[in-house]
Number of protein chains: 2
Amino acid sequence: MPAKNDPSDLIRRVRKGDHAAASRALSLVVDEDAAAEALSKEFFKSAGTVQKLGVCGPPGAGKSTLTGRLISRYRKLGLTVGVLMVDPSSSLSGGAFLGDRLRIMEHATDPGVFIRSLASRGMVGGLTHAIFGAVHVLEALGCGKIVVETVGTGQDEVDIASVADTVVYVTTPAMGDEIQAMKAGAMEVGDVFVVNKADLAGGDKAVADLKGALGLGRSAGQAPRAWEPPVAATSALTGAGVEELGRLLDAHWEHLKASGEGRERLKRQHATELQFWIHRHVLRRALERVDGKSLDELLAHKTDPASLGRRLLKA
Amino acid sequence: MPAKNDPSDLIRRVRKGDHAAASRALSLVVDEDAAAEALSKEFFKSAGTVQKLGVCGPPGAGKSTLTGRLISRYRKLGLTVGVLMVDPSSSLSGGAFLGDRLRIMEHATDPGVFIRSLASRGMVGGLTHAIFGAVHVLEALGCGKIVVETVGTGQDEVDIASVADTVVYVTTPAMGDEIQAMKAGAMEVGDVFVVNKADLAGGDKAVADLKGALGLGRSAGQAPRAWEPPVAATSALTGAGVEELGRLLDAHWEHLKASGEGRERLKRQHATELQFWIHRHVLRRALERVDGKSLDELLAHKTDPASLGRRLLKA
C-alpha cells in the first residue's frame, strides 16, 4: 500500500473524487508544500474543462446565501459543485464571515459538494496564486461547476476576473452609495449582475440604476459587446429569482464556448497563473538572499532598491 | 543649458522644490520611463526623512475633505505638503472620485502644496510600486509632510501600511455595517482611527463601537502595544476635531521616532519596495519571453505554469 503522501497515489484518489484526498491536496498546493509542484503539474492537466463562477461584491450582499441557492440548483441538475470561499481580508476578520459560512455549510455534508475556504496571508498575489492551485484541484476532482466566492470591491474584482470564466457581481438595494463608488470597477469585470434582497425597498430602482449605469459605461466609449451583462433580481433568502440567475449563468457559459471568448479567457487565466508563478518563484529565491545587512544598506541609503535588486538577482 | 530630459538637471530642479520638475519626474518614475531608474536611484537618497500619512477607508467617508483640512493645518504650521491621491479602482471610476478631487483641489494653487493623483493600471502590485516611486519624488522635493490617500478596504490597507508611517483609517457613523466586515483588517493596520461626519446621528456610538472593537482586537490574543490606536471624532465639513486629529498624528510620529518603531517600519517599507522592484523587474523580463506559442502550449496542457515558468527564466 503506497504511502499516504505519495503524490501519484494522492492524485489518483483526487481523480476518483475522494474529498479527503482533495482536501489534503488542496492544503499541500495552497501551502506550497514540497510535493505541491508535482501535484499542481498533474492537476493542471484538467484545467479549463468546467465553468468557473466568480461571485463577488461588497460584504453583506448575501453572496454566500446566493451561492448556497446556486449549489442547490446545480445539485438538482445532477452536477457536483466545488466551492472556494475566499477571504481577502486578514485572518482576524474570519468572525465577520462566520455567519455567511454557516449559511453555506448546510451543503458541507453533501458528497456532491466540496467546500473549502481560503484566507489571504496578505502576500502580494498570494491569494490569487492559491486560488489558481485550488481551482485545479477542484477540476481534477471532477466538479461539474466551480464557484469562487470572494468579498470583492475595486481591485479584488480584477483578481476574480483573472480566475473565473463568469464573474457574478452581487449587490443590494441598500448599497446604492457604495456601488456608486465601486460601480465602474465592478462594471468592467461583471458578466452577470445581481441585485440581491431585491424584495427590499428600492429593489426595482437598484435594478434600473444598475442597468442605466451599465448603459452609461458603454456609451462612455466602450465598444458594443457580444455579451451585454444582464442584471438579475434575486432574494437569496426566499430563493426568488435564483432559477433565472442560474439560466443567465448557463447562457454566459454557452456564449463563452460558442463565441471563442471562453478560450481567450482561459488563455488569459493561464497567462496570469504563469505570471504569479514566476513572481512567487523568483521572489522567493531573491528574498532568501535578502538579509538584515542589505536592508541596513537601504536604510543607510548606501544603495537603492533597484541596485540591490539587481545584485540579489545576479547572486 | 542642459536638455530638459537630462536626469541630473531634472533631479537638481526637483531638489530645489520645482513643482513642474517634480511633476515630470513623477510621471517618468511612475511610467517607468527609461530614465526612471536613474531618477529613482537619486530620489531614494532622501527616503524616510518625513512622516508619510496613509489616509484610507471606505468610499464616501470624506477622506479627501479631511485631507484638505489637514493640509490647511500643516500649512499654518509652516510645513509644505505633498499629496498623492491613489485610485485603486479602474481608470473608468475616476468619475466617482471627481467630487472628492474637486474638494481637495482648492490647495492646488498653493505653491507649498504638491498634489498628484495616481490610478492603478490593475497590475499586480503596480499601484504600490508606483506609490513608492512617487513618494520618493515628494521626499526629494522637500515636502514637510506627505499624505497618501487611498480608497481602501481589506487588502488595500495592507498596501498603504507598507508605504505609510502612520495609517489613518477614516470611517463614518453611517458605515457601521460595512465597518463590521472590514473592521478586523482595518484594525490591524490603523494607527489612528477617525469617525468623520461625527456630528451625524450615531456619531458617539460609532466612536464607542470602534473603541470597543479595538479593545476586542487586543483581547483576542494580541500583545499590548506601545501605541494604542486612538479614535478621533471629526467633521471635515466644519473642521471640528481636525486640530485634535492633527495632534494625534504628530504624537504618533513622535512615538515612531522615540520608540525606534519608525526605523523598523522604514526598514519594512524598504523591504517591500525591494520586493516590488524584484517582482516587476523579473516579471517584465520573463513576460518578454512569453509568446502566444507558449500560452498555446498551456492551453493544450502540453506544459504547466511551473514548467513553462522555469523554461522562461532559464532562457
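What percentage of the 315 residues in chain A do buried residues make up?

Guide: In this predicted model, buried residues account for 57% of the 315 residues in chain A. That chain is built with 13 helices and 7 strands. Its accessible surface comes to about 12,600 Å², of which carbon and sulfur atoms supply 56%. Among the contacts in chain A with a separation of 6 or more, 76% are between residues 24 or more positions apart.

Turning to the aromatic rings, the structure holds 2 aromatic pairs over all chains. One of them is formed by A:Y169 and A:F193, with 6.1 Å from centre to centre and 50° between the planes. This geometry counts as tilted, because an angle under 30 degrees would be stacked and one over 60 edge-to-face. The pair joins distant parts of the chain: A:Y169 belongs to strand β5 (residues 166-171) of chain A, A:F193 belongs to strand β6 (residues 192-195) of chain A, and the two are 24 residues apart. Both A:Y169 and A:F193 are buried.

In chain B, the residues B:Y169 and B:F193 form an aromatic pair that is likewise tilted, at 6.1 Å centre to centre and with 50° between the planes. Here too the pair links distant parts of the chain, with B:Y169 in strand β5 (residues 166-171) of chain B and B:F193 in strand β6 (residues 192-195) of chain B, 24 residues apart. As for their accessibility, B:Y169 and B:F193 are both buried.

Methods. Residues numbered from 1 in each chain as written. Chains lettered and ligands numbered in written order. Predicted model: local features only at pLDDT ≥ 70, side-chain atom pairs only at ≥ 80, totals over all residues. Heavy atoms only, no water. Phe/Tyr/Trp six-rings, centres within 6.5 Å; stacked < 30°, edge-to-face > 60°. Helix = DSSP H or I, 4+ residues; strand = E, 2+ residues; numbered from the N terminus. Buried < 20%, exposed > 50% of the residue type's maximum accessible area, 1.4 Å probe, protein only. Contact = heavy atoms within 4.5 Å. Areas by Shrake-Rupley, 256 points an atom, 1.4 Å probe, with all protein chains shown as cover.
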